[in-house]
Amino acid sequence: MKPVDNLKGVNELTNGKKVLGVVTAAGLLAASLSACGSSDNNNNKNASGSEPASSAPASSAAASQSSGEKVTITFQNIYPDSSDPKYQMLHKIVSDYETAHPNVHIELDSLNTDQQKLKLKTQAASKEVPDITIVNPKAQMQPFVDADLFAPLNDMVQQNGLADTFQTGILDPYTFNGNLYALPDGNNIAILYYNKELFQQAGIANPPSTFEELIADVKTLKAKGITPLAIGEKDSWTGSFLFMNILLRTYGPGFLQDVTDGKTTFEDPAFLEAVQAFEDLVKAGAFQDGATSFDYNAGENLFKTGKSAMYFMGSWATGGIETSDVSKDANVGVFKFPTVNGKGDPNQYMLAPGSAFAVSKNSKHLTETLDFLNYFMLNYPKELFGLKGAVGLAQKVEGDFKAAGYSDMSITVMDLFTSVNGGDLSFDNTMNPATSQVHLSSIQNLFVKPDTDPSAVAKEHQQAYEDNKQ
Amino acid sequence: MKVLKVSNWTIAAFVLPCLIIYIGLVFVPIGVSAYTSLFQWNGIVPLGMAKYIGFDNYHRMFTGDSVFWPAVRRTFLLAGFSMLIQLPLALLVAILIGRYTRKANFLVSSYFLPVILSVVVIGQLWKTIYNPASQGGMINQILDKVGLHSWTHNWLTDPKVAIYAVIVVGLWQYLGYHLLIQFTGIQNIPADIYEAAKIDGADGFKADRYITLPMIVPIFKISFVLSFIGSLQSFDLIMVMTGGGPAHATDVVAMHMYNMSFLSQKYGYGSAVGTFLVAMCLIVTVLINFIFNRLEKRYS
């Protein structure tokens with residue numbers, strides 16, 4: 001349907017024989033997507049030596065300051081939204097640092113999360129990783145670590161007491177073979193937000209504490225013409241996140257780890273039970289019509305504009321919900337994910353260690369980059385606290401949230417953090433990308449075909465896992 | 001061909017820069033892509049560390065991939081709809097516009113308008129149109145109003161109809177493009193032929209049958225090839241509207257290639273799908289040319 005915008009090709013076609021031009025133009029999409037990896041690994045060794053301007057990459061930050069050598073650090077980040085406190089924090093810290101170090105220029109490359117993930121992958125294939133970039137924990141950053149792209153941060157994190165600002169254990173998902181490779185920007189848990197006014201309209205007094213109550217409430221809300229649960233399932237991780245929380249209840253923590261260790265398989269009864277429960281939820285009409293065509297933002301907007309009664313998401317959504325219309329007059333409450341069939345501990349959460357800052361091993365200005373990142377992370381919680389963006393950080397935050405004007409909802413969310421008694425990471429943070437993709441589309445399928453036999457779902461998972469384990 | 005008073009070397013020198021860029025940006029990547037398709041490679045580690053697996057990727061693609069063949073089928077479905085519905089419709093409209101309007105340019109430009117709109121805009125627009133009635137979807141609301149509630153669908157999320165819903169948008173968007181090509185083709189047919197035919201008693205649709213259709217074959221071929229290759233490559237519209245979902249129900253070959261390369265991080269496998277796409281384009285284009293050359297010979 002979409003014609004090739006190639007007039008040269010048209011002329012060639014009229015000549016009858018020279019079809020190759022158009023065909024190759026057609027293949028260009030194919031080629032350009034796959035060709036990103038074409039550059040060989042020679043750059044690997046040349047990266048630090050080939051540039052005459054950076055003749056002394058190993059000189060200390062202090063030395064380069066006094067010598068006044070111009071240094072540009074590229075900082076790829078995922079804070080492009082100027083209304084987001086993190087955007088303001090980023091620009092504030094960067095300009096403070098540039099003022100204190102006039103020879104250093106920080107170049108910001110701000111992208112949306114998905115774009116950044118894609119860009120980093122193509123950059124990694126050609127060994128052109130920015131000085132500072134964003135990675136996700138565990139399985140998602142594993143391939144980059146295997147390709148030896150990042151500089152260890154073990155020494156840097158000890159400087160100026162940076163290590164002590166992080167919560168206990170939060171650096172583990174970013175540590176491989178004893179080397180720390182990235183510093184997280186947050187630490188979140190999955191919770192349910194609910195709209196108190198819509199609950200009242202449907203005559204529901206309290207948020208559900210068991211899955212059976214949740215299903216009953218869904219039906220009550222549905223009968224009143226209210227969308228019970230909003231979700232942005234076009235971005236299929238959202239449904240997976242919810243499903244994994246059900247699995248966390250039916251199995252307990254560590255299911256995927258146990259699969260990897262060979263202690264169980266996807267055909268475990270707890271997995272089947274979780275699929276069944278999830279299907280029941282879909283069949284009860286929990287999600288908005290056409291949920292699989294809503295992307296993350298569109299799904300969240302249903303809740304933010306008061307069109308749905310509940311919303312399941314990581315606590316990172318708190319800031320955005322707090323500033324939206326729906327949370328006027330303390331209208332939004334939060335509750336823990338309920339038990340399923342009487343199983344599970346509500347104090348076990350889906351844990352979401354945040355996106356994290358990693359430093360390129362081949363950075364031309366490694367010393368300066370490490371020095372900047374150290375400064376950045378030390379100031380990160382302080383700046384965000386002032387901007388009311390300090391809910392769900394990976395670092396300890398000093399200060400009185402109530403006095404600083406944080407809402408009751410934010411404070412409730414932070415109280416939930418203190419109740420955390422373990423939990424699990426999301427599927428794609430635990431399993432390899434190929435298996436994760438099969439899982440994501442398998443769960444997405446349940447939204448449109450909730451009658452699928454749970455054992456078929458289990459088989460599909462098991463097959464994908466066996467096909468793709470290394 | 002010795003009209004130009006320049007040596008072949010001079011010609012070569014002037015053609016060379018373009019040729020090098022063309023080869024470097026088109027043929028080399030295709031070659032590299034075909035080469036990487038022989039590896040089990042995640043696209044991140046250096047290719048030297050990847051495992052050479054010969055034609056295993058192709059073997060898996062053809063025999064062990066439950067998403068691949070349905071994606072191929074959908075791709076051809078797209079091409080089929082485009083060639084069997086969109087192109088004849090464009091030709092019909094082009095003929096009618098040419099005959100019944102004095103200042104056709106305005107109409108042609110209007111039809112062309114969707115082509116210059118960004119695919120993202122078009123995708124978002126039609127997503128809103130296809131939405132469920134509860135979220136303001138136009139089609140479903142109209143169906144509800146006229147009492148055809150049983151015809152309402154979740155157009156983009158029902159696996160059975162989603163692909164057709166996307167196809168309709170694609171047909172709508174590029175109708176104007178093919179209309180423009182074919183309208184121009186018709187305008188270039190000399191008017192005296194029609195006048196001569198009129199004297200012989202061939203008028204209206206009879207003239208179209210015996211004059212317009214045969215004479216427009218070369219132009220129609222361009223439309224045909226462009227629409228076919230465009231269909232094989234279709235990616236952006238589907239990405240915006242459904243993302244290939246729900247659960248691969250709207251995946252086409254290019255989507256599958258993207259998913260495999262970047263989401264599943266099977267770069268080698270994605271390259272294999274890409275190489276297949278290039279080969280398919282090549283074969284079909286040669287085939288179309290062969291058929292049309294036969295047609296042209298018959299009518300000339």
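This is a predicted model: local features need pLDDT of at least 70, side-chain atom pairs count only at pLDDT 80 or more; totals for chains, interfaces and linings use all residues.
Select residues 104–126 of chain B. The span is 91% helix and 0% strand. Its end C-alpha atoms lie 28 Å apart. Now take residues 210–232 of chain B. Here the chain is 100% helix and 0% strand, with 32 Å between the end C-alpha atoms.

Next, go to Phe81(B). This residue sits in helix α3 of chain B, residues 68–100. Show its surroundings: Phe81(B) contacts Gln86(B), Ile167(B) and Leu171(B), leaving aside neighbours within four places in sequence. Then pick Val93(B), twelve residues from Phe81(B) in sequence. The two C-alpha atoms are 17 Å apart.

Turn to the largest nonpolar core, which has 191 residues. Ala190(A) and Tyr193(A) have the most contacts inside it. Highlight helix α7 of chain B, residues 162–187: this helix gives the core its largest share, 14 residues. Now colour two domains of chain A, domain 1 (56–184 + 355–386) and domain 2 (188–352 + 408–468). Both give residues to this core, so it lies between them.

Zoom in on Tyr193(A). Not counting residues up to four places away in sequence, it touches Phe303(A), Met310(A), Tyr311(A), Met313(A), Ile321(A), Val332(A) and Val334(A).

Finish at a second, separate core of five residues. Select Leu38(B), Phe39(B), Trp41(B) and Leu47(B), which are among them.

Key:
Residues are numbered from 1 along each chain as its sequence is written. Chains are lettered from A and ligands numbered from 1 in the order in which they are written. Helices (H or I, at least four residues) and strands (E, at least two) are DSSP runs, numbered from the N terminus. Two residues are in contact if their C-beta atoms, placed from the backbone, lie within 7 Å. A nonpolar core is a set of buried Ala, Val, Leu, Ile, Met, Phe, Trp, Tyr and Cys residues joined through C-beta atoms within 7 Å. A residue is buried if 20 or more other C-beta atoms lie within 10 Å of its own, exposed if 12 or fewer, and partly exposed in between; C-beta atoms are placed from the backbone. Domain bounds come from an automatic or database domain assignment.
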